[in-house]
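User: I have a two-part model open here and would like to go through it with you. Could we start with the overall make-up and then move to the details?

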Amino acid sequence: MPHSSGEGDEPMARATLKLVPKAEAAGVSDEEIHDIATRDRERAFDLLVRKYRDRIYYHALYITRDSEEAFDVAQDVFVRGYHEPRLFDPGFRTKAWLFRVCTNRCYNIVRDRHRRGGILDRLGKASAGLQVQHTAIDAVLDREMSEGVAHAMDALSPEHRTILTLRYFDDLSYQEIADVLQVKLGTVMSRLSRPKVRLHGVLSEGEGE
Amino acid sequence: MNCWRVQNLVAPFLDGELPDAECEAVGAHIEVCAECLAVIESVEALPPLTAPRAPQELEAALFDRFDACLKERLAAGIDPGIDAPTGVGAAVAGLARREVRVPMVAAAAWLGVMVMLAGGVALNHTKVQDLEDSVARREAIIQALQERVAVADARSDDGTDPPGRAMAPVFLPPSAPSALGAALPPRRGLYSQPGIVGASVRQASYDAPRVVR
């Protein structure tokens, strides 16, 4: 799909991605990236990838709990971003868009995984084959997620886990979470409060056993 | 502010994200509600939620692979099939990807019902039109016949028409009931002359009144 560069109607050229050093990208604000996109969309996209690839990857990893799935999701998010004509439009909430696309893709993967697991269980076959293939990163994640509060999060619903992840792992503001989940700010406030109260209950039950 | 509301605002209250007015209202509530105070204290006492991260060397290798793979995909122009079309295309693509929450079965059923409704409305409209046309034709026939009968009634016994009301033949449309002539009340002798104006025209009359089909 061709895209305008912002100034003219030149289609966005392919195969010119030159990822800039991460340190340079980290210091660039979203507004600056949008500003750069009006002159050089390719460079703006490079900066965007550098700035958000870690966070998008880890966001996908926290939801899917599978490093390879997370890798594919993060790739898809940025490829889709590359083809998204509004990505650098003034007023377009790029960060929220990236997290929203990522969250939706992860939900689909988790849902499909549960469905496939359910089918195999009904057929009387072990669904162990659908478990994640452990890489070194999966092993680290499993270890860290198997203890403390992160482990207690397993007892929460996927929706509650996602909103806690967006807030406390991905460090998004309340307004950004509202944009990602496409809900009102008040809804974000209540949706964040309930799982935290529940989390305390889960941890207390664990201590009592 | 009630307990339910306060417990829905625990997180923003502790994160300092509440507007001043609501923050004060929560503060005022927990001064008098031990239960809500206990909930807030318990949430505040939760260990911090920290994001698990892979060791740096693993991360470096991972993101090198990520960059190379992304470059390759963009260079090849590979579209993951999740490009965002708009309008009907978006709906169809969304259904195909199961990103649209409406199950396909429900969507198909809805579409079927809508098609049946539209067909029913169109059929009904056609039938109503036909009926209206038929009623209009019959009314025209009845009116013409009534005029003829009125003229016949006014005719004098010697058979002369009243002044200014000479009988003229009434031409009925082909759709008029074929038994119309026979249905007319016999008065001065009914006769009929079929085919006086071509094969499709029939004259039915008693005395001077003539009804021609």
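User: What share of the 209 residues in chain A is buried?

Analyst: Buried residues make up 52% of the 209 residues in chain A, where buried means under 20% relative accessible area, exposed over 50% and partly exposed in between, with a 1.4 Å probe and protein chains only. This is a predicted model, in which local features need pLDDT of at least 70 and side-chain atom pairs count only at pLDDT 80 or more, while totals for chains, interfaces and linings use all residues. Residues are numbered from 1 along each chain as its sequence is written, chains are lettered from A and ligands numbered from 1 in the order in which they are written, and side-chain values use heavy atoms, with hydrogens and water left out.

User: And what about burial in chain B?

Analyst: For chain B, 28% of its 213 residues count as buried.

User: How many residues are in helix α7 of chain B, and how far does it reach?

Analyst: Helix α7 of chain B, residues 104-154, has 51 residues and reaches 75 Å from its first C-alpha to its last. That is close to the 75 Å expected at 1.5 Å a residue, the expected span being 1.5 Å times one less than the number of residues.

User: Which of its residues are buried?

Analyst: The buried residues of α7(B) are I141(B), A144(B), L145(B), R148(B), V151(B) and A152(B).

User: Switching to the largest nonpolar core, which members touch the most others?

Analyst: That core has 78 residues, and I56(A), Y57(A), F78(A), L192(A) and L199(A) touch the most other members. Helix α3 of chain A, residues 41-64, gives the most to this core, with 13 residues. A nonpolar core here is a set of buried Ala, Val, Leu, Ile, Met, Phe, Trp, Tyr and Cys residues joined through side-chain atoms within 4.5 Å.

User: What does L199(A) touch?

Analyst: Leaving out residues up to four places away in sequence, L199(A) touches V149(A), A152(A), M153(A), L156(A) and L164(A), and also L46(B) and L49(B) of chain B; contact means heavy atoms within 4.5 Å.

User: How do α8(A) and α9(A) cross?

Analyst: The axes of α8(A), residues 158-169, and α9(A), residues 174-181, come within 10 Å and cross at roughly 140°. Axes are lines fitted to C-alpha atoms, for helices over the stretch in contact, with angles running from 0 to 180 degrees between N-to-C directions. The two helices are therefore oblique to each other, since angles under 35 degrees count as roughly parallel, over 145 as roughly antiparallel, 65 to 115 as roughly perpendicular and the rest as oblique.

User: Which residues make that contact?

Analyst: I163(A), L166(A) and R167(A) of α8(A) make the contact with Y174(A), I177(A), V180(A) and L181(A) of α9(A).

User: And where does α3(A) meet α8(A)?

Analyst: H59(A), Y62(A) and I63(A) in α3(A) meet T162(A), T165(A), L166(A) and F169(A) in α8(A), and the axes of these helices come within 10 Å and cross at roughly 145°.

User: Last topic: what is phi at Q182(A), and is that residue buried or exposed?

Analyst: Phi of Q182(A) is near 55°, a positive value in a residue other than glycine, and Q182(A) is exposed, with a relative accessible area of 59%. Q182(A) is in the loop between α9 and α10 (185-208) of chain A.

Terms used: Helices (H or I, at least four residues) and strands (E, at least two) are DSSP runs, numbered from the N terminus.
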